[in-house]
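Subject: Structure handover

Dear colleague,

Here is the structure, for you to take over.

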Amino acid sequence: MIIQKKNGEKIPMKSASHNKFKMVAKTMMGLEEVLAEELKGCGAENIECISRAVTFEGDMRVLYRANYTCRTALSILKPFAEFEANDDQELYNQVYQIKWEKILDVDCTFMIDSTTSGEYFTHSYYAALKTKDAIVDRFRRNFGQRPTIDTETPDYKFNLHIHDNKVTLLLNSSGDSLHKRGYRQAVGVAPINEVLAAGMIKLAGWKCDTNFYDPMCGSGTLLIEAAMMANNIPAQYYRGGKFAFKRWKEFNLGEWKSVKEQEDRKIGAGDFDCEIWGNDIDIQVLQQAEKNLEFTKLHHDVMLYNGSFEDQDPPEGKTLIVTNPPYGERIKIEDLNAMYELLGDTFKKKYGENCEVWLISSDFDALKHIGLKPSKKIPMLNGSLDCRFVKFELYEGSKKASKQPAELDQ
């Protein structure tokens with residue numbers, strides 16, 4: 001560390017890694033507030049929720065920690081240039097002026113993701129092409145060679161965001177989307193996104209102080225996310241350390257190791273003594289869940305059962321049920337309404353007041369056939385599907401609930 005004198009005393013200078021800067025964490029619709037809380041826990045400041053993203057400030061340690069631990073983030077972006085451009089040529093000129101050689105080298109690979117809106121730039125692909133041309137032309141003129149494009153595994157992934165004539169360039173610090181945790185060794189027909197699964201559990205308010213049960217668990221994503229939370233396992237623990245920020249010129253290996261070691265020391269430090277259960281009627285998909293759990297070494301923490309959900313009793317004691325039943329989209333059900341009615345009947349007969357149920361579905365008509373009035377309805381997206389994440393509070397009287405379809409405001 002460099003030492004400077006001030007008033008006759010030696011004081012340590014802040015390293016570049018401790019300089020604060022603005023960042024953007026992208027997420028899914030409905031998870032903005034959850035992600036904001038996670039970022040607060042990472043030491044982020046000036047946090048603000050926007051549509052499908054959260055803006056915040058922090059240093060490189062916050063960037064490292066957010067990538068490694070945030071369960072509801074899809075990517076962490078670092079803005080590095082903002083300017084105005086009214087046409088393609090002005091965009092090219094402004095991009096060309098950026099000192100790209102300070103960001104990447106000629107032997108690096110890169111790609112550009114672009115999003116445009118407004119009247120000035122109507123084709124995102126063409127805007128990305130002009131940006132690419134400006135970057136490579138600057139390198140050619142100054143160094144006689146240029147970095148190459150790689151859309152599969154680039155060293156640098158840039159995000160170009162244009163709204164009207166306001167242009168922002170951001171550097172993706174994550175690389176592959178953070179929903180790719182690295183623990184999926186086997187995948188079912190309709191696996192739920194890991195970020196969505198973690199977000200559902202957090203929206204349901206689980207504090208790892210009750211049992212957790214998924215009666216239609218598929219290949220086990222909800223179960224694994226719950227078990228990781230219960231054991232304080234960082235979201236990207238199984239990712240193998242694959243982050244784009246490791247290829248940055250400003251990457252500090254010592255700082256990264258320090259952050260990772262701090263988080264890894266928390267693993268298993270909690271006092272979780274409840275049970276995590278999963279059930280599925282399909283033995284083959286249940287075997288996929290078992291394979292995924294064995295890879296994470298969480299198979300001793302999760303109990304799997306094979307059978308119809310209506311035949312399986314939930315764990316004894318206070319239990320949170322979170323599940324992702326078929327919507328009739330990728331998994332075809334002959335009579336979806338009847339299946340949801342059976343699901344509701346099972347809740348009423350077997351689950352009782354010790355249980356709280358949350359489920360997600362895009363079939364609003366089928367949801368009404370559960371026969372219970374939701375106490376909460378949260379709009380969400382599962383891929384491109386418009387969904388509702390709904391909560392049913394169960395009690396002794398729910399066993400006498402009407403067999404008529406319940407109303408579900410959309």
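A disulfide is taken here as a pair of cysteine sulfur atoms within 2.5 Å. Please note that this is a predicted model, in which local features need pLDDT of at least 70 and side-chain atom pairs count only at pLDDT 80 or more, while totals for chains, interfaces and linings use all residues. Residues are numbered from 1 along each chain as its sequence is written, and side-chain values use heavy atoms, with hydrogens and water left out.

Cysteines

By the sulfur rule, the count is 0 disulfides. For Cys274, the closest cysteine sulfur is that of Cys208, and at 8.9 Å it is too far for a bond. Cys274 has 22% relative accessibility and therefore counts as partly exposed; Cys387, at 0%, counts as buried. The cut-offs are under 20% relative accessible area for buried, over 50% for exposed, and in between for partly exposed (1.4 Å probe, protein chains only).

Helix 2 and helix 7

Helices are DSSP runs (H or I, at least four residues), numbered from the N terminus. Helix 2 (residues 60–69) packs against helix 7 (residues 253–264) at about 45°, the axes being 9 Å apart. Helix 2 is therefore oblique to helix 7. Axes are lines fitted to C-alpha atoms over the stretch in contact, and angles run from 0 to 180 degrees between N-to-C directions. Under 35 degrees is roughly parallel, over 145 roughly antiparallel, 65 to 115 roughly perpendicular, and the rest oblique.

Helix 2 contributes Arg61, Tyr64, Arg65, Tyr68 and Thr69 to the contact, and among the residues from helix 7 are Trp256, Val259 and Glu263. Contact means heavy atoms within 4.5 Å. By class, the contact of helix 2 with helix 7 holds 4 nonpolar, 3 polar and 6 charged residues. Nonpolar covers Ala, Val, Leu, Ile, Met, Phe, Trp, Tyr, Cys and Pro; charged covers Asp, Glu, Lys and Arg; the others, Gly among them, are polar.

Helix 3 and helix 4

The axes of helix 3 (residues 88–97) and helix 4 (residues 124–143) come within 8 Å and cross at roughly 40°. This makes helix 3 oblique to helix 4. Contact residues include Leu91, Tyr92 and Val95 of helix 3, and Ala127, Ala134 and Ile135 of helix 4. The contact of helix 3 with helix 4 divides into 8 nonpolar, 2 polar and 6 charged residues.

Ile283

Ile283 lies in helix 8 (residues 283–296). Its relative accessibility is 42%, so Ile283 counts as partly exposed. The C-alpha atoms of Ile283 and Gly218 are 9.5 Å apart, with the two residues 65 apart along the chain.

Regards

Conventions
Helices (H or I, at least four residues) and strands (E, at least two) are DSSP runs, numbered from the N terminus.
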